[in-house]
Structures are given as structure tokens and as C-alpha cells.
Amino acid sequence: MPTAGRLAGAVIFGLFGWYLAGLSVSLFPESRAPAYWLPVVSFISLVIGWRVCGSRAGRGYNPAIGIGLTSAAAIAFWSIFAVAFNQMLSNALGNRYRDGTMEAVIDIFNQMIEFGMMFADTTLIATLLIGGVICAWATEFFGQRFP
């Protein structure tokens, strides 16, 4: 059911995802992020803002801190998963997996570890955590004012 909290969460987190993706472009090798990086992270953030944060809006500002941190962790996980999955598909189309499907599935998680290490930047992590809480507070504001 659409509510103002869900809409606010989707818009706020979608914009926050766009900012995070732009901030993380410099962390890619040679500062060359894939062309899909900004829209995919924005879309993932929009969905998480709608489903995770927006659905829980209206419970108060203290629970919003935990909801914001949960949303930030979900954005980080699914964004890294998306880029690792795309890398696995590129490797699979290049016939780099000789032992079968399980090697490709396991490589997704190995790629996630590599991309996670690449994105282990204090500025990015601090922005993700603090920004997630601020976005959750803004979502909470709209969730309380316009139920």
C-alpha cells in the first residue's frame, strides 16, 4: 500500500544512492566505473527506501536509526552483489569457468569480497552509515506527518 513514508523513503534513498554511486566511482580501477553503476545503485537504493525504510516509517526517531543502518547495509550488499554478478556473467560468457555452474556461483561471492575490499574506504563507509541514518530520519519525518 503506497504511503507518504514509502514514497519519501524511495525518493530520498534513491537520491542518496545516486550520490553514493558518484562518490564511489573514484574507487574503481582507473576511476572507470561500469556504465550501469549509477542507475543500478540508484534503483537498488530506491527499492530499499520503499521496501525497507518506507514500510517502517512512523515508529519514531530512535527506531529510525536502526532502520537507517539496516537500509545502508542492504544498499551496500545488493550494490556489491549486482556488480559481482555482472562480472561473473562476463567471465561466464568468456568461458572462464571450466568446472561447471557451481564454480560460477562461488565466484560471485569471491568477486563480492574483492569489490568489498575495493570499496573499503573510510569516507564512503562513513557517508553510507551517517547518510543512511539521516535519510531514515527524513523518511520518518514524512511518515509521521502524512500517514
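**Aromatic pairs.** I searched the whole structure, which is a predicted model, and found 10 aromatic pairs. I looked up Trp 37 and Phe 119 to begin with: their ring centres are 5.5 Å apart and their planes are at 20 degrees, so I noted the pair as stacked. Trp 37 sits in helix α2 (residues 37-53), while Phe 119 belongs to the loop between α4 (101-118) and α5 (122-145), so this pair ties together parts 82 residues apart in sequence. I checked accessibility too, and both Trp 37 and Phe 119 are buried.

Next I turned to Phe 77 and Phe 81, a stacked aromatic pair with 6.3 Å from centre to centre and 15 degrees between the planes. Both residues lie in helix α3 (residues 61-93), 4 residues apart, or about one turn of the helix. Phe 77 is partly exposed, at a relative accessible area of 39%, and Phe 81 is partly exposed as well, at 23%.

**Helix packing.** How do α1 and α5 pack, and at what angle? I read an angle of about 160 degrees for helix α1 (residues 4-24) and α5, with the axes 8 Å apart. An angle over 145 counts as roughly antiparallel, and α1 and α5 are therefore roughly antiparallel to each other. The crossing of α1 past α5 is right-handed. I listed the contact residues, among them Phe 13, Phe 16 and Tyr 19 of α1 and Gly 131, Gly 132 and Phe 142 of α5. Sorted by type, the residues of this contact are 14 nonpolar, 8 polar and no charged.

Technical notes: Residues numbered from 1 in each chain as written. Predicted model: local features only at pLDDT ≥ 70, side-chain atom pairs only at ≥ 80, totals over all residues. Heavy atoms only, no water. Phe/Tyr/Trp six-rings, centres within 6.5 Å; stacked < 30°, edge-to-face > 60°. Helix = DSSP H or I, 4+ residues; strand = E, 2+ residues; numbered from the N terminus. Buried < 20%, exposed > 50% of the residue type's maximum accessible area, 1.4 Å probe, protein only. Axes fitted to C-alpha atoms, helices over the stretch in contact; angles between N-to-C directions. Parallel < 35°, antiparallel > 145°, perpendicular 65-115°, else oblique. Left-handed = near helix turned anticlockwise from the far one by under 90°. Contact = heavy atoms within 4.5 Å. Nonpolar A, V, L, I, M, F, W, Y, C, P; charged D, E, K, R; others polar.
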